[in-house]
Amino acid sequence: MKSESVKSESVSPGRSALLALQRATHATLHLIATELVDLDLTASEINALANLADGRGRTVSQLGAAVGTRPTTLTSVLDRLERRGHITRGTRAGDRRSVLIELTDSGRAAAAAITQSLAEIENRALDGLPAEAVAGFHAVLDALVKESS
C-alpha cells in the first residue's frame with residue numbers, strides 16, 4: 001500500500017502544522033521555564049546552554065545557527081551567561097578573529113539539568129504514542145528544517 005504525499009493545497013488553515021508547532025513551542029517553553037525556575041534563566045539562555053550541553057565549543061555563528069538566532073541577537077544572551085559564570089568566550093586555535101563559546105563547570109551543571117529536564121518532559125509527552133507517530137513527527141520537523149535551509 002503506497003502512502004499519499006501531502007500536497008500544499010490540502011493543508012487547511014485549521015490544520016496548519018506550522019501553527020500547531022508554534023502553539024506547541026510556546027506551551028513547551030512555558031513548561032520548561034516552570035520546571036527549570038530554580039536555574040533563574042531565560043528561555044534564550046536555556047536554549048543556548050542546551051545547545052552547548054554536548055561539551056563541544058562553538059563559534060558565535062555556529063551557536064546562533066543552532067539556537068535559531070542572529071549572532072548580534074545572541075550577544076546579549078552570551079553576555080548574561082558569561083556574567084553568571086556559565087560560559088567563557090575565547091579565540092579559536094588558528095583563527096584569532098573567531099570567538100569560541102565554551103561551558104564552564106557551572107555551565108556544564110546547568111546544561112546537564114536542562115537536558116535532564118528536557119528528556120523528562122519529552123518522555124512524559126510522548127509516553128504511549130506509537131513509534132510510527134513519533135517517527136512521523138520527526139519527519140515533519142526534518143522537512144521544515146530542510147525548507148528553511
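Q: At what angle do helix H3 and H4 pack, and how far apart are their axes?

A: A pair of packed helices is described by two things, the angle between the axes and the distance between them. In this case H3 (residues 60–67) and H4 pack at about 95°, and their axes are 9 Å apart. The axes are lines fitted to C-alpha atoms, for helices over the stretch in contact, and angles run from 0 to 180 degrees between N-to-C directions. So H3 and H4 are roughly perpendicular to each other; that label covers 65 to 115 degrees, while under 35 is roughly parallel, over 145 roughly antiparallel and the rest oblique. Keep in mind that this is a predicted model: local features need pLDDT of at least 70, side-chain atom pairs count only at pLDDT 80 or more, and totals for chains, interfaces and linings use all residues. Residues are numbered from 1 along each chain as its sequence is written, and side-chain values use heavy atoms, with hydrogens and water left out.

Q: Which residues make the contact between H3 and H4?

A: Contact here means heavy atoms within 4.5 Å. H3 brings Val-60, Ser-61, Leu-63, Gly-64 and Val-67, and H4 answers with Pro-71, Leu-74 and Leu-78. Sorted by type, the contact of H3 with H4 has six nonpolar residues, two polar and no charged. The nonpolar class is Ala, Val, Leu, Ile, Met, Phe, Trp, Tyr, Cys and Pro; Asp, Glu, Lys and Arg are charged, and the others, Gly among them, are polar.

Q: How do H2 and H4 pack, and at what angle?

A: Read this pair the same way: H2 (residues 43–52) and H4 (residues 71–83) pack at about 80°, with their axes 10 Å apart. H2 and H4 are therefore roughly perpendicular to each other. Ser-44, Glu-45, Ala-48 and Leu-49 of H2 make the contact with Val-77, Arg-80 and Leu-81 of H4. The residues of this contact of H2 with H4 split into four nonpolar, one polar and two charged.

Q: Is Leu-81 buried or exposed?

A: The cut-offs are on relative accessible area: under 20% is buried, over 50% exposed, and partly exposed lies in between (1.4 Å probe, protein chains only). Leu-81, which lies in helix H4, is buried, at 0%. Setting aside neighbours within four places in sequence, Leu-81 is in contact with Leu-41, Glu-45, Ala-48, Leu-49, His-86 and Ile-87.

Q: How many helices and strands does the chain have?

A: Elements are DSSP runs numbered from the N terminus: helices are H or I with at least four residues, strands E with at least two. The chain has six helices and three strands. For extent, look at the box: the C-alpha atoms fill roughly 55 × 35 × 25 Å along the principal axes. Of the 149 residues in the chain, 21% are buried.

Q: What length does helix H1 reach, and what is expected?

A: The expected span is 1.5 Å times one less than the number of residues. H1 (residues 17–35), with 19 residues, reaches 26 Å from its first C-alpha to its last, close to the expected 27 Å. At its N-terminal end, Ser-16 caps H1, with a side-chain oxygen 3.4 Å from the backbone nitrogen of Leu-18. Further along, Ala-33 also sits in helix H1, and at 35% relative accessibility Ala-33 counts as partly exposed.

Q: Where is Asp-40?

A: Asp-40 is in the loop between H1 and H2. Phi of Asp-40 is near 55°, a positive value in a residue other than glycine. Asp-40 counts as exposed, at 58% relative accessibility.

Q: Is Thr-104 buried or exposed?

A: Thr-104 lies in the loop between strand S3 (95–103) and helix H5 (105–126). With a relative accessible area of 17%, Thr-104 is buried. Beyond neighbours within four places in sequence, Thr-104 is in contact with Gly-85, His-86, Ile-87 and Thr-88. Compare Ser-98, in strand S3: Ser-98 counts as buried at 15% relative accessibility. Not counting residues up to four places away in sequence, Ser-98 touches Thr-59, Gly-90, Thr-91 and Arg-92.

How values were computed:
A polar contact is a pair of N or O atoms within 3.5 Å; within protein, one must be able to donate a hydrogen and the other to accept it, and residues adjacent in sequence count only if both atoms are side-chain atoms.
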